[in-house]
Amino acid sequence: MEETTNLQDLQNENLPNPETETTATPTAEAEVEPIAEPQATEAPAAAETPAPEAETAEVPAGEEAPETEPVAEEAQPEAEPEVDYSANTREELVAAMRDLLEGEVQKIKNRVAAIRARFSDLDREVQETAFQQFLADGGNKDEYQPARDAVSEEMQRLHDRYRAMRQKYMEELEAAKQRNLQAKQQLIEELRQLVDSDDEQVRAALDKFNTIQDRWKAIGEVPREQMNDLWQNYHFQIEQFFNKLKINRELRALDQKRNLEEKIKLCEQAEELIMEPSVTKAFKGLQDLRARWKEIGPVPTEQNEEIWQRFCNAANQIDERRREYYDQRKEELDNNLLAKQALVDKATELTEKQPASTKEWNDTTAALDDLLKVWKTIGPVPREVNEEIWSKFKGIIDRHYSDKKQYFGSVRDEQEVNYQRKIDLCLKAEAIAKREDWKKATEELLQLQQEWKAIGATSRKVSEKVWQRFRGACDEFFAKKGEFFKERRSSESENLAQKEAILAELKAHQFGDNREENLAAIKEFQRRWAEVGFVPMADKERLHKEFRGEIDRIFEQLKISAREAEETAYRERLRNVGGDARRFVQNEKQELHDKIEKLRNDLNLWENNLGFFASSKQADLLKQEFEKKMQGARQQIALLQAKLRILNETEKAEKEKAESQQGTEA
């Protein structure tokens, strides 16, 4: 900063007294607080215009207006390079943040802020997409819990690391300020001692004074709360020094000449900043030059106004460029706001009337999606209205998707019900397709087709598939039916002749006295009869009654019961068992025992139940029904026991046969 008092005239009878000269000095420049360039966000704050240079009242000749040391919370770093992150993905932003943290923390503040702003926009889009997908998947908006993915977690971790690094830097800066405070306090003490000393020569004192001044300027910042008192103490000691030494004007002129050379250099640097492409970098450079200007002492009075005006001209041009930049920026933001408001109005118009069909819903959605794409191409708006305008636009889209979800939810529910009903019809049709009771099956299948027509639409992605399934079952049934009746008509006459021949052969067959042979012969006739296919419908009932009657007559004639016939058939089955006959017999015996046990348990239960029936017509009917069931169970038990005896006989015969073979081999 400039010195508030300068070298005063030594008492010299040939020099005018500076106390009596009152020529005007150039006005001191006022410090302008630096303004950080706003970050690229949806709505940057309106730019602050720097204050014009202030002027002070006239002061005595040879003196400059008292000033105070500039106040800053931290040292101004060199201008950062401007980086455009608007085209970066979230992963690229994380990588850029990681690279920045490898540098000096005091030189990356603006770039970190730009990365965070861009990442927040992208992260908000990711969260919005996840939210819309959650709603599309049937989720409840009130139950939605946003989740941070690995990229967001990594960005948060890197930002926490940056904050820790910056906190450490600020702590180190504060510690440095404390050290600077102590160093400057020591210099003030040296000045005080220089003022209090009586044996100093003028030149030696001045050299020591200049050394203290140089050391003072070389020391960095001190704590803000100590700055004013420290500066006042420093200038008080300077004034005391000048008062004591009363240095002559010639020596003072040398000091002012040196100051003039330094200020000319600052003017040249300020003029170079006029050509700097970056407005922000130029303004920060100007702030640094202003601070350095205040550190330089006064210049010769006749050149004070000229050098000050030169510096002001360069500073004013830089300030004007900055004002124009933010005025243009504000105009762009206002235009963007008008464009986005138009999109809000258009979205409101599109959603005023609720669509009545699926096509209308999809058309409205497509139109809103187009508006959203246009929205993303428009730049930021003023910060104070950013949240409001975005909330309006987003609210319209959110309400549309919420209403659309509700509409399509009801449509999907109805389509799902229709789909399930059609699946049921498919299952029924597929079951009918396997049947061969052609008349009844045909009637049921035609009824299913009528039901199918009465069911509403299903989802497009399954509609054709379920229809082809139903139609395939119908086609299969009618194809089988057509083929069956085609073959049946061609073979019915031949089958009729075969059954007539079997019936005639049965009537003419002579049965002997061997019961097993008679049963085998009857079984063979029945097998042959069953193997013959369909006969004409007109002859079917007649042939069946005639054949059944002849069989019954033969059984009656030969005195063969149905039980005997079944036992005979069972013996025949055992004789034809292949493979491991012994294992088959064991398994069959176990199965017969289980069946007998179950039937006996049923008999006990039924006998107990009979005791609970009261005497009535209805109870008598139930008793008869139970007795009939019990009689059948007893007959079944007798048959199963007969089969067990046959198995035991077979097992015994096999055992004797095996022992006989072993004896023969021995």
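Modeller: Let's start with the aromatic cluster made by Trp216, Trp231 and Tyr234. Keep in mind that this is a predicted model, so everything here is computed from predicted coordinates. A pair of aromatic rings is described by the distance of the centres and the angle of the planes.

Now put a second pair beside it. The ring centres of Trp308 and Phe311 lie 6.3 Å apart with the planes at 25°, and because planes under 30 degrees apart count as stacked, this pair is stacked. Here both partners come from one helix: Trp308 and Phe311 are three residues apart in H8 (residues 301–351), which means about one helical turn separates them. Trp308 and Phe311 are both buried.

While we're on burial, Lys177 deserves a look. This lysine lies in helix H3 (residues 150–196). Its relative accessibility is 5%, so Lys177 counts as buried, the limit being under 20%. Lys177 is also brought together with Gly220: the two are 43 residues apart in sequence, but their C-alpha atoms are 6.9 Å apart in space.

Zooming out, the chain has 17 helices and zero strands. Of its 666 residues, 36% are buried. If you take the contacts between residues at least 6 apart in sequence, 82% of them join residues at least 24 apart.

With helices to work with, packing is the next thing to check. Two packed helices are described by the angle between their axes and the distance between the axes. Take H1 (residues 90–100) and H2 (residues 109–136): they pack at about 155°, with axes 10 Å apart. Angles over 145 degrees count as roughly antiparallel, so H1 is roughly antiparallel to H2. Their crossing is left-handed. On the H1 side, the contact uses Arg90, Leu93, Val94, Ala96, Met97 and Leu100. Facing them from H2 are Arg111, Val112, Ile115, Arg116, Arg118, Phe119, Leu122, Asp123 and Val126. Sorted by class, that contact has ten nonpolar, no polar and five charged residues.

H2 has another partner, H10 (residues 383–433), and here the packing angle is about 20°, again with the axes 10 Å apart. Angles under 35 degrees count as roughly parallel, so H2 is roughly parallel to H10. The crossing of H2 and H10 is right-handed. H2 contributes Glu128, Gln132 and Leu135 to the contact, and H10 contributes Lys394, Asp398, Tyr401 and Lys405. By class, the H2 and H10 contact has two nonpolar, one polar and four charged residues.

Terms used:
Residues are numbered from 1 along each chain as its sequence is written. This is a predicted model: local features need pLDDT of at least 70, side-chain atom pairs count only at pLDDT 80 or more; totals for chains, interfaces and linings use all residues. Side-chain values use heavy atoms; hydrogens and water are left out. Axes are lines fitted to C-alpha atoms, for helices over the stretch in contact, and angles run from 0 to 180 degrees between N-to-C directions. Helices (H or I, at least four residues) and strands (E, at least two) are DSSP runs, numbered from the N terminus. Angles under 35 degrees count as roughly parallel, over 145 as roughly antiparallel, 65 to 115 as roughly perpendicular and the rest as oblique. A crossing is left-handed if the near helix is turned anticlockwise from the far one by less than a right angle, and right-handed if clockwise. Contact means heavy atoms within 4.5 Å. Ala, Val, Leu, Ile, Met, Phe, Trp, Tyr, Cys and Pro count as nonpolar, Asp, Glu, Lys and Arg as charged, and the others, Gly among them, as polar. Rings of Phe, Tyr and Trp (its six-membered ring) pair if their centres lie within 6.5 Å; planes under 30 degrees apart count as stacked, over 60 as edge-to-face and the rest as tilted. Buried means under 20% relative accessible area, exposed over 50%, partly exposed in between (1.4 Å probe, protein chains only).
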